[in-house]
Amino acid sequence: MKIEPLGENTVIVTFCDAIPDELNSKAIALCEALDRTPFSGYIESAPAYTSAAVYFDCSVVRTAYPTAGSAFQAVSDIVRKISAGIADTPTHQGRNMEIGLFCGDEYSPDLEAASAIVGLDAASFIEIFVGRTYRVNMLGFLPGFAYMSEVDELIAVPRRLNPRTNVRRGSVGIAGHQTGIYPLDSPGGWQIIGWTDSVMFDPMREEPCRLRPGDKVRFVLR
């Protein structure tokens, strides 16, 4: 495990000694542990694929832990202690979620081109896509945008050469071995193969993001 500063009020914790799913699970577990038992000055934390960002108020940390020498050292010591306690935990168990998927000309502007890239017809492409359960590794890019793995090698098409200036909210895309759902209208370069009417982000909900890291997602054709 490597801990590095990112400015005065953030550290990046990177795990380096296991397979990707285990790494991601450790990052999620660390963030959950910090949320359960926050240290003085803790603000929030966010998991990524194989790392986690921990945000804090350095002035509060320095006051609360004067013997550590610096806020960075104090937070590093706390993170190492917590991480040691979760090192042998099983893979994070997220919720099982179903997302409706609509396909067709209106919903799938890149499906024909993506299918042609891998030498399949559109129906076979979608059949392979919905045949897998995907794991939410992290949220990023936009509020509620869930990066999910792992797309079958048979349909792992690259990003578009020319990104769109606007992708419709709810669009389901593929970029290499990742899939994701655009929670808002935005620019984007992923191959759009379908659309969902599920609301992926709503700031008025108690839990604004529909998905969270560790969740398991299956797409169901509508």
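This is a predicted model: local features need pLDDT of at least 70, side-chain atom pairs count only at pLDDT 80 or more; totals for chains, interfaces and linings use all residues.
Local features need pLDDT of at least 70 and side-chain atom pairs count only at pLDDT 80 or more, while totals for chains, interfaces and linings use all residues. Residues are numbered from 1 along each chain as its sequence is written, and side-chain values use heavy atoms, with hydrogens and water left out.

Pockets come first. A pocket here is an open set of points on a 1 Å grid over the protein atoms alone, where a 1.4 Å probe fits and protein lies on both sides within 12 Å along at least five of seven lines; lining residues have an atom within 4 Å of a point. Volume is the space filled by probe spheres set on the points, which are joined across faces, edges and corners. The largest pocket comes out at about 630 Å³. Of its 29 lining residues, Ser45, Ala46, Pro47, Leu139 and Pro213 are the closest to the centre. With helices (H or I, at least four residues) and strands (E, at least two) taken as DSSP runs numbered from the N terminus, S3 (42-47) is among the elements that supply at least two lining residues, and its 6 residues are the largest share. By class, the lining has 17 nonpolar, 5 polar and 7 charged residues (Ala, Val, Leu, Ile, Met, Phe, Trp, Tyr, Cys and Pro are nonpolar, Asp, Glu, Lys and Arg charged, and the others, Gly among them, polar).

The second largest pocket holds about 190 Å³, and here H1 gives the largest share of the lining, 3 residues. Its lining has 2 nonpolar, 6 polar and 2 charged residues, including Tyr49, Glu150 and His177.

On to the cysteines: with a disulfide taken as a pair of cysteine sulfur atoms within 2.5 Å, the count is 0. Cysteine 58 is too far for a bond because its sulfur is 20 Å from the closest cysteine sulfur, in cysteine 31. Cysteine 58 also counts as buried, at 8% relative accessibility (buried means under 20% relative accessible area, with a 1.4 Å probe and protein chains only).

Finally, a nonpolar core is a set of buried Ala, Val, Leu, Ile, Met, Phe, Trp, Tyr and Cys residues joined through side-chain atoms within 4.5 Å. The largest one has 26 residues, and Phe125, Phe129 and Phe219 are among those touching the most other members. Helix H5 (122-130) is one of the contributing elements and gives the most, 5 residues. Beyond its neighbours within four places in sequence, phenylalanine 219 has contacts including Ile99, Met148 and Ile181 (heavy atoms within 4.5 Å). A second, separate core of 25 residues includes Ala29 and Ile82.

Key:
Buried means under 20% relative accessible area, exposed over 50%, partly exposed in between (1.4 Å probe, protein chains only).
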